[in-house]
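Welcome to this short tour. Open your viewer, get ready to select a few pieces, and follow along.

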Amino acid sequence: MKLQAPARVAGVLVGATLTLFGGSALAQPIKIGWLSSLTGPLSSPALAENEGVKLAVEEINAAGGILGRQIELLTRDTAGDPTKAVNFAQQLAFSDKVDFVIGPVNSGEGLATTPVVARAGIPNLVIGSIDQLTDPKKYPRAFRVINTNTQWISSANDYALKTLKRTKVAVIGDTTGYGTSSAKTAQELLEKAGVKPVYSVLIDPNKTDLSDELTKAKEAGADVIMPWSAATGLLARLLNARGDMGWDVLVVGHPALMASQTRALLNKPVYWEKTFAAGYVSTTYDESGKLPPRTQELVDKMRPRLGGKELDILFWWVAMGYDCVKIIEHAVTKAGSTDPAAVQKVLENTSRYDGIYATYSWSPEQRNGFPDSNMAMNVANTFKDGSFKLAPR
Amino acid sequence: MKADIEPRHGRTTKLAALVVAALLAVTFPLWAGDLYQLHLAALIAAFWILIGGLNLVIGYTGQLSIGHVGLLAVGAYTFAILAGTLGLHPALAVGAAGALCGLVGLLLGLPSLRLPGFYFAMATMAVALIVGEFIMANDELTGGGIGLAVPALPAPFDSPAGFYYLALALAALVTWFSWNVARQMWGRGLIAIRDNPVTAQSVGVPVFRAKLKVFVFSGITAGVAGAVFASLQSYITPDTFVFELSLFFFVCIIIGGRGSIVGPLIGTVILTALPELVAPLAKLGNFFYGLLLLAVVLLVPEGIGRVFEVIAERLRPRRVESVPVSPDLRRLARALGTQR
Amino acid sequence: MWSVIVSGLATGALFAATALVYNVMFSTSKVLSITTGHIAMLGGVFGAYFISGLGMPWIVGLLGAVVVGAAFGWLTDVLAIRRVLARSDEHLWLLSTLALATMVQQSVALWWGTEPKPFPRLIPQDFSAGIADQKFWLPIGMAIVMALGLELFYRRTMYGKLFVAMSEDAFAARARGVPTDRIRSLSYVIAGAMGALAGFAAGQLTFAYFALGLTLTLNGFIALAVGGLGSNVGALIGGAALGLLNAFSSYYVGGEFQQTISVGLLMLILLLKPEGLLGSKSIRAV
């Protein structure tokens, strides 16, 4: 009896402190920094990803937030400039003191900001594809959500060499940073598979006519053309030159081959045939013409926010943005807090987390979460409503 | 041209303002809000190292170089390669970056400085593009599209505050150099070249040599700035060194006012910090720089520094002292008399 | 081999047309405007906008593009040149035209987008025409027609002679009662219309792309410098030389050294013959 009073007082005191403490933490929002190139080059993917991110944040906040805390999204437009990206990364890390950083979209910016965010110890969801953006030792809290460049190139190479059984490859890159490094990686991976390209060239993305390069490729005996450039002008001119020449060689390469901007620049819609590109299981129609159910669900949710008509963008961008926020939700919920070390532990032990864009797995030695099994080859001219049909096996 | 004839109180106010500004700059790490602001200040200092040297070329000598981003890139990559890949001591690497860029400035200046204004501008722009191509083409050396990681400087400069002080010191050095050049007859010579090269030549100013010396100096400062900038960014890619950066340097100098040192310095501080403070401006970015440049050229071609001076004049007009002249006529007559 | 030559001549024709535009602007104002390349960009972009975007027939699109170009030329004169020339400072027009060029490029980027967009097919023609394709011959034809038109204009019309008079000695022209300001405005309007025409003709080659301006300013300038400032035939030759050099170098060496080679040409000519191949040595009164 005597103990009850002090125990009760202690209990009340403890309870009060906990509520005060916990209460103040409950009130504090979870800050997510979003580095996006909403203007400038690569703005189309960035704008689409932004829609996905915004939808996820709104949904989670409407359902009460993560662990009772609302998400505060701090969007910074880097305009494709690495100096601005570094400035904003510093601002988000030290001024705004965000709990997470998503992005940047642009690999060139990402290479500059990832070390900055890593130094501040903030978990970073990487959505650039260049392989060097993740490293378990240098950037222990950087987790990649998108596939790597190597995965794009390997899927395409496997399809061209093993499925289509081609042996004489022409590799085309452009003279930008992304183009030169991708073309180089493509050549290395081909040589590892025992194939030496019969023709390889780097083309200025604004070169007005590619019939000379294609003629050279034809003379070298190429039976498949593999372009690794994100420049829609270049890719369209490549397809135009192929069509104008009347050469029915197959083109297998970068996803930008399937983009609507490329299609718009084609001389004739039929030039889009016999073109394949690396894509994803999540945005591929099955034999009955249906998308994976979760993708379809997201498409239906997003459609009114994207104009209500048939989608003209690559839907995987939207899905990826959405997944980034959901991954943060998963990490914080499982870790019980936004403590960076705890979040890191959760993420690096995440196995098969089902997102919409992919099923992610990271490990203490592996920071690239996108599995090879979620890659798929798509047929370019089957574009409909943001997704594609599977390339014939 | 009024440095010598200023009234006393004008000079003391200027000196006071300078001392206050210097104190603020030196104590910045103590009262800065957070590391981000320190980073921004270090970036301004790094840019000023280049702009301070470029100011002599554009603001004083009137050579409109719009390709200095190429020299910045050469400096940055030289530092990254020497200090990173080859492991040289960073101080040596910084010096080498400056020296190499000075050499590039010499090689670029020799053929192009004789060309008239537009030709020279195009030549510098073209060289910046060539540097870009070179970086991309030699990817074993420069990392090509992927870029290079840049090592941090050794202690005590590896902390944000330490780095800031180094950048500040270098910027102060460049400011002092250019201020000395501007103040003395040499600087007047440069302004003469800008305003009327033919007259300058006829008065004995060694036009080509002066232009070349100033251009090489701007190359050296660009190289050092590149090294400092690279270390600050900790990772450089070719995407960083685009033509718009050259435009940015150019606009800083012009809006600050040609023929002044303080003006471009204020211009640099404002133009670097402004997009960070005003988010919509970051989106408009280059359009805003163009608009600002046009507005300044049309409305206040002497730069914003001049606006302040005009306002100062209005508020506190300089007293024009008139000293009555009373000649000694008798002495004059005597002197004239002895002339015969 | 022929396709390299033809595509080189086609891009060279666009450079030559830009050089012609430089010449027209220079003749009355002694100003080399950085906005020159952007006029052609506007011609291409607005041509595509009017024909594909608004669905107008191509002749209306052509006229619309020309009107836009002329308006931009006039704007260049009003904003960037008129007030600046009134002051004696030589270099300010470089700054003002640079500013205007940046502004127009960024506004087009914000409105039109940063990806190249398609330019419509003007004359019905099968796409397998190879080197006879209209995308090569429209710019080549247009450049030749423009050069001939300019020569006729200068020799046969009153206004043309006024241009020549102004380019030789503006003060003397003014003393003889020539309204130099209005003539200069007129020359900028004509230059704008020409540039837009060139951009429109080359649209199928370049696509409607906002970033064309600056590179065309540089390349058009190289064509001008090589051919000689003030010479229309020189502009054609300079443009053809640059275009062919680009085409052959990218055929044999690949795209990595484009700029280096073009600028190499420029520097070589400027070192050996600074006034260009057909330019006249200018002796300035001091």
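Helix axes here are lines fitted to C-alpha atoms over the stretch in contact, and angles run from 0 to 180 degrees between N-to-C directions. Helices themselves are DSSP runs (H or I, at least four residues), numbered from the N terminus. You are looking at a predicted model, where local features need pLDDT of at least 70, side-chain atom pairs count only at pLDDT 80 or more, and totals for chains, interfaces and linings use all residues. Residues are numbered from 1 along each chain as its sequence is written, while chains are lettered from A and ligands numbered from 1 in the order in which they are written.

**Stop one: a helix pair.** Select residues 149–163 of chain A, helix H5, and residues 177–192, helix H6. At what angle do they pack? The angle is about 50 degrees, and the axes are 10 Å apart.

Now show the contact residues (C-beta atoms, placed from the backbone, within 7 Å). On H5(A), pick A:Asn149, A:Thr150, A:Ile153, A:Ser154 and A:Asn157. On H6(A), they are A:Ser182, A:Thr185, A:Ala186, A:Leu189 and A:Leu190.

**Stop two: the domains.** Color domain 1 (29–148 + 312–372) and domain 2 (150–286 + 377–389) of chain A; such bounds come from an automatic or database domain assignment. Their C-alpha centres lie 29 Å apart. Where they meet, 18 residues of domain 1 are in contact with 13 residues of domain 2. On the domain 1 side, H11(A) gives the most, with three residues.

Notes: Two residues are in contact if their C-beta atoms, placed from the backbone, lie within 7 Å. Helices (H or I, at least four residues) and strands (E, at least two) are DSSP runs, numbered from the N terminus.
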